[in-house]
Amino acid sequence: MVEVSWAPMLAAFSVPLDRSEDEAIISQCLVSFRYAIHLTAVMCMRTQRDAFLTSLAKFTSLHSAADIKQKNIACIKVRP
């Protein structure tokens with residue numbers, strides 16, 4: 001089931017995280033990322049796990065310190 005649905009889940013978590021400034025939405029997206037990373041790691045799905053990790057890493061905005069917002073700091077704090 002996860003193998004078929006991981007890509008739509010990635011989009012479902014990424015798009016609202018990117019477009020929203022609402023703390024509740026951001027929190028739910030980050031929790032979802034955390035569980036998705038954990039689940040794919042437990043199931044030894046390396047490619048899918050790496051896709052979730054890479055997407056989450058892009059939201060940290062560490063490459064551009066001037067653009068960092070509170071939600072980017074929250075992304076840094078997520079522990080998979």
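Modeller: This is a predicted model.

Biologist: At what angle do H1 and H2 pack?

Modeller: H1 and helix H2, residues 23–42, have axes 9 Å apart. The packing angle of H1 and H2 is about 155 degrees.

Biologist: How many charged residues are in the contact of H1 with H2?

Modeller: From H1 the contact takes Val2, Leu10, Phe13, Ser14, Pro16 and Leu17. From H2 it takes Ile25, Ile26, Cys29, Leu30, Ser32, Phe33, Ala36, Leu39 and Thr40. By class, the contact of H1 with H2 has 12 nonpolar residues, 3 polar and, as for charged ones, none.

Biologist: Are H2 and H3 roughly parallel or roughly antiparallel?

Modeller: The axes of H2 and H3 lie 8 Å apart, and the two helices pack at about 155 degrees. The cut-off is 145 degrees, so H2 is placed relative to H3 as roughly antiparallel.

Biologist: Which residues of H3 make the contact with H2?

Modeller: H2 passes H3 in a left-handed crossing. On the H2 side the contact uses Leu30, Phe33, Ala36, Ile37, Thr40 and Ala41. The classes in the contact of H2 with H3 are 8 nonpolar, 3 polar and 1 charged. The H3 side is Gln48, Arg49, Phe52, Leu53, Ser55 and Leu56.

Biologist: How are H1 and H3 oriented, roughly parallel or roughly antiparallel?

Modeller: The axes of H1, residues 2–19, and H3, residues 46–58, come within 11 Å and cross at roughly 5 degrees. Angles under 35 degrees count as parallel in this scheme, so H1 relative to H3 is roughly parallel.

Biologist: Which residues of H3 does H1 meet?

Modeller: H1 brings Glu3, Trp6, Met9, Leu10, Phe13 and Ser14 to this contact. The contact of H1 with H3 divides into 6 nonpolar, 3 polar and 1 charged residues. The H3 residues are Gln48, Ala51, Phe52 and Ser55.

Biologist: Which element gives the most residues to the lining of the largest pocket?

Modeller: The largest pocket has a volume of about 250 Å³. Of its 13 lining residues, the closest to the centre are Glu23, Ile26, Ser27, Leu30 and Ala74. Two or more lining residues come from each of H2 and helix H4, 70–77. The most, 6 residues, come from H2.

Biologist: How many charged residues does that lining have?

Modeller: The lining of the largest pocket is sorted by class. It holds 5 nonpolar and 2 polar residues, and the charged residues number 6.

Note on methods. Residues are numbered from 1 along each chain as its sequence is written. This is a predicted model: local features need pLDDT of at least 70, side-chain atom pairs count only at pLDDT 80 or more; totals for chains, interfaces and linings use all residues. Side-chain values use heavy atoms; hydrogens and water are left out. Axes are lines fitted to C-alpha atoms, for helices over the stretch in contact, and angles run from 0 to 180 degrees between N-to-C directions. Helices (H or I, at least four residues) and strands (E, at least two) are DSSP runs, numbered from the N terminus. Angles under 35 degrees count as roughly parallel, over 145 as roughly antiparallel, 65 to 115 as roughly perpendicular and the rest as oblique. Contact means heavy atoms within 4.5 Å. Ala, Val, Leu, Ile, Met, Phe, Trp, Tyr, Cys and Pro count as nonpolar, Asp, Glu, Lys and Arg as charged, and the others, Gly among them, as polar. On a 1 Å grid over the protein atoms alone, a cavity is a set of points where a 1.4 Å probe fits but cannot get out, and a pocket is an open set with protein on both sides within 12 Å along at least five of seven lines; lining residues have an atom within 4 Å of a point. Grid points are joined across faces, edges and corners, and a volume is the space filled by probe spheres set on the points. A crossing is left-handed if the near helix is turned anticlockwise from the far one by less than a right angle, and right-handed if clockwise.
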